[in-house]
Amino acid sequence: MNRKAKTIKKEEGLSHYQALDKAAQDTGFSNWQHFLNISTKSGTRELVLKIPKFLVTSLPRPRLLTYYSLTERNGAKRPNAKMPIESHSVLGGLLREARKATEYNKRAQTAVGFVQKKLDDWVQNEYPDRNELSDEVFFQMYYGNHDSQSDPSPTLERKLELVNIFQQASEILERMYFDCAPVRELHKKLTLAVKVVDNWPFNKNLKDFTIDKRTVV
């Protein structure tokens, strides 16, 4: 939405806030505030904004650590940092909701699953002591159940909620980890999920969709 507003501002010579209102109206909302009211419905953004941003001056050495991974022969890389368990839990909740909600969109769900798998590996390596991270909390964190609903043809409002979830997840990653290749890879997957959901048909009959076969977009 911000990108669209920047384009409108440049092409039509509007102020920043006028461009935001115009971008929101073009997408079907009354104004920018109406869009914000819907996109922040879950209230999770308030939690995200309270998370302190990673201090660039505190970059560790080495910046990356290698850990064992079944899928990577030479080991996988993760940032040499330790995200607070509370932040992992917020992020895990966002990703669990997104994974469930994209059940009928394989591309989006695969992207979310990639991020889940990586962060599940990272938190295990960041907190190997069960006194710090209990099994009960760990097993719920990234792969616990979530009661969100999946829809083969989501409404525009639901699509915006999912896009907001991906943006919140990216914001947590940016605040809690310094910039490095493993983190950029997660941002890339979340950006892909945004694009896929943005192109996901809403309130339409999907010609090739059947409940039994679960044909996806």
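**Arg96**

I started with Arg96, which sits in helix 5 of this predicted model. Helices here are DSSP runs of H or I with at least four residues, strands are runs of E with at least two, and both are numbered from the N terminus. Is Arg96 buried or exposed? Arg96 counts as buried because its relative accessibility is 14%; I used under 20% relative accessible area for buried, over 50% for exposed and partly exposed in between, with a 1.4 Å probe and protein chains only. Next I listed what Arg96 touches, leaving out residues up to four places away in sequence: Gln116, Gln140, Met141, Tyr142, Tyr143, Gly144, Asn145 and His146. A contact means heavy atoms within 4.5 Å.

**Ground rules**

I number residues from 1 along each chain as its sequence is written, and side-chain values use heavy atoms, with hydrogens and water left out. Local features need pLDDT of at least 70 and side-chain atom pairs count only at pLDDT 80 or more, while totals for chains, interfaces and linings use all residues.

**Helix 5**

Helix 5 has 17 residues, which should span 24 Å at 1.5 Å a residue, and its end C-alpha atoms are 24 Å apart, so the two agree. The expected span is 1.5 Å times one less than the number of residues. Helix 5 is mostly covered, with 12 of its 17 residues buried; among them are Ile85, His88, Leu91, Leu95, Glu97 and Ala101.

**Helix 9**

I moved on to helix 9, residues 181-198. Its 18 residues reach 26 Å from first C-alpha to last, close to the 26 Å expected. Which residues of helix 9 are buried? I found Pro182, Val183, Leu186, Leu190, Ala193, Val196 and Val197. As a reminder to myself, an α-helix has 3.6 residues a turn, so residues three or four places apart point the same way. The face turned away from the buried side of helix 9 carries the exposed residues Lys188, Lys195 and Asp198. The cover over its buried residues includes strand 1 (64-67), strand 2 (76-79), helix 5 (85-101), helix 6 (106-126) and helix 8 (156-176).

I also looked up Arg184, which lies in helix 9. Arg184 is partly exposed, with a relative accessible area of 43%.

**A cis bond**

Where is the cis peptide bond that I noted? It runs from Arg61 to Pro62, with omega near -5 degrees. Pro62 is in the loop between helix 4 (44-49) and strand 1. Most peptide bonds are trans.

**Whole chain**

I finished with the chain as a whole. Its secondary structure comes to 9 helices and 2 strands, in the order α-α-α-α-β-β-α-α-α-α-α. Of the 217 residues, 42% count as buried. Among contacts between residues at least 6 apart in sequence, 70% join residues at least 24 apart.
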